[in-house]
Amino acid sequence: VKKTLNRIYHQNRKVHEKTVRTAAAAVILKNNPSYMDVKNILLSIGELPKEMNKYMLTFVQDILRFEMPSRYDAFHMPLLTHAYLYIDVVHT
């Protein structure tokens with residue numbers, strides 16, 4: 001299932017609507033994402049259309065601020081700390 005969701009979000013096989021892609025990313029990030037899942041989504045955010053970019057940045061920020069960090073092993077990685085700082089500095 002996670003492979004399919006990643007293919008949808010990253011549009012590996014066909015083009016999907018923004019709402020479908022953001023839903024796929026949300027499911028990935030809400031269900032014990034791996035380090036690579038999180039890394040790939042974060043790296044892709046800058047390449048997204050503007051409104052989808054803003055939504056994904058807000059979504060990741062909300063997870064980092066409000067969700068229990070122990071639930072997200074991948075969110076303990078230094079990559080996310082740096083990404084979070086980048087998001088706050090560059091996009092606010």
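Q: What should I know about the model, and how many helices and strands does the chain have?
A: This is a predicted model in which local features need pLDDT of at least 70 and side-chain atom pairs count only at pLDDT 80 or more, whereas totals for chains, interfaces and linings use all residues. Residues are numbered from 1 along each chain as its sequence is written, and side-chain values use heavy atoms, with hydrogens and water left out. Helices (H or I, at least four residues) and strands (E, at least two) are DSSP runs, numbered from the N terminus; here there are 5 helices and 0 strands, in the order α-α-α-α-α from the N terminus on.

Q: What average pLDDT does the chain have?
A: pLDDT is the predictor's confidence in each residue, from 0 to 100. The chain averages 79, and 72% of the residues score at least 70. Over residues 88-92, however, the pLDDT is below 50, and this stretch has 7 contacts (heavy atoms within 4.5 Å) beyond near neighbours in sequence.

Q: Which residues of α1 are buried, and why do they line one face of the helix?
A: Buried means under 20% relative accessible area, exposed over 50% and partly exposed in between, with a 1.4 Å probe and protein chains only. In general, an α-helix has 3.6 residues a turn, so residues three or four places apart point the same way. In α1 the buried residues are Leu5, Asn6, Ile8 and Tyr9. Seen down the axis of α1, they fall within an arc of 160 degrees (taken from the directions from the helix axis to the C-beta atoms), so they line one face. These buried residues pack against α2 (18-30), α3 (35-45) and α4 (50-66).

Q: Is asparagine 6 buried or exposed, and which residues does it touch?
A: Asparagine 6, which lies in helix α1 (residues 2-10), is buried, with a relative accessible area of 15%. Leaving aside residues up to four places away in sequence, asparagine 6 touches Gln11, Ile28 and Asp37. Glutamine 11 follows α1 and has a positive phi, near 55 degrees.

Q: Where does the charged end of arginine 21 sit?
A: A charge sits over a ring if NZ of Lys or CZ of Arg is within 6 Å of the ring centre and within 35 degrees of the ring normal. The charged end of arginine 21 sits over the ring of tyrosine 9, 5.4 Å from its centre, and tyrosine 9 is one of the buried residues of α1.
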